[in-house]
Amino acid sequence: MSDANSKALTLIEAHFNTLEIGSSLELDSIFSTDDVREYARENNINWPGHYLDQNGQSLVVPGMIFFRPAVGFGLGEPNPPLARAGFFTRTSRAFRQPIRVNEAVHFRGQITDKYLRRGYYYIVVDWTATGVDGVVAATGREWHTLGWARYPKNHPKGG
Amino acid sequence: MSDAVNLIGLEISRGPIQGISTVGGSDLVTNNGPVVPNVFHFAQMTELLVGQFQQNWFTSGQLSVRYLKPLQQGEELVVKAKVISYDHDNADRANLSVWCENINGELLAVGDASCIWAL
């Protein structure tokens, strides 16, 4: 295992050990026109395109709603191995009402599981996005690795 | 909605679309080189499903995805979906299989989606 990988795993494991199942966080966010336009450009999405409400108002692209809270629980800390944030390995999302551009959104996330599997540290987080009217706009369960570093397959923690 | 009865077996697709996405400007790298974040796959699946279900997707869309294999930077992604059934409790809700392939037909992500079909 390379020194860089070992160092990253040490940091990731230390962070993993601080995370507790059941712990939660809340944050408020607004998706600006520039935010959505940039996401659409990066992901080759035709926006606003179909992403308009019945009054022609621009909507936030649904997949983007859970992009920002994905840096919660320390995944966005300026610690390089963690700042890489790992990757979604699985996601399950339900959309209940549209979120308009420049509207405030309240997020609540709660860790529902954490584990080491096949060499990666994982967390599972349930998220709720609530719109300005207090109505839940979207819910999601996200399976996410902590960083990209993993134990090799021949390591006791790599299987 | 009676029209939904005719939907079973309907196949829709999008792509190929070149994957050049980064997350916040950061390249993600595996042993095989730079890869496209999975956010891209979800975005493309959403684009396909919003195109199909329009406004209904924002109020009743559901999508669950498992990511199996990364898309390499510059590689092309194809998203496909097929209507497989209607919800037992709500005949207006269509259930779909959704998946992503690269240009070689390798499966990169698989999932299930559902949405109210009736306008």
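**Salt bridges in the predicted model**

Good morning. In this predicted model, both A:E142 and A:R93 are buried. Their side chains come together in a salt bridge, with an N to O distance of 2.9 Å. A:E142 belongs to strand β5 of chain A and A:R93 to strand β2, residues 88–95, so this pair ties together parts that are 49 residues apart in sequence.

Over all chains, the structure holds 11 salt bridges. Another of them joins A:E13 to A:K157, whose closest N and O atoms are 2.7 Å apart. Which parts of chain A does that contact connect? A:E13 sits in helix α1, residues 3–18, whereas A:K157 is in the segment after β5 (136–145), so the contact links parts that are 144 residues apart in sequence. A:E13 is partly exposed, at a relative accessible area of 23%. A:K157 is likewise partly exposed, with 31% relative accessibility.

I turn now to a pair within one helix. A:D34 and A:R37 form a salt bridge with an N to O distance of 3.5 Å. Both residues lie in helix α2 of chain A, residues 33–42, and they are three residues apart, which is about one turn of the helix. Is A:D34 buried or exposed? A:D34 is exposed, its relative accessible area being 55%, while A:R37 is partly exposed at 47%.

Finally, I draw your attention to a network: salt bridges link A:D53, A:R100 and A:E103. Thank you for your attention.

Definitions and conventions:
Residues numbered from 1 in each chain as written. Chains lettered and ligands numbered in written order. Predicted model: local features only at pLDDT ≥ 70, side-chain atom pairs only at ≥ 80, totals over all residues. Heavy atoms only, no water. Salt bridge = Lys/Arg side-chain N within 4 Å of Asp/Glu carboxyl O. Helix = DSSP H or I, 4+ residues; strand = E, 2+ residues; numbered from the N terminus. Buried < 20%, exposed > 50% of the residue type's maximum accessible area, 1.4 Å probe, protein only.
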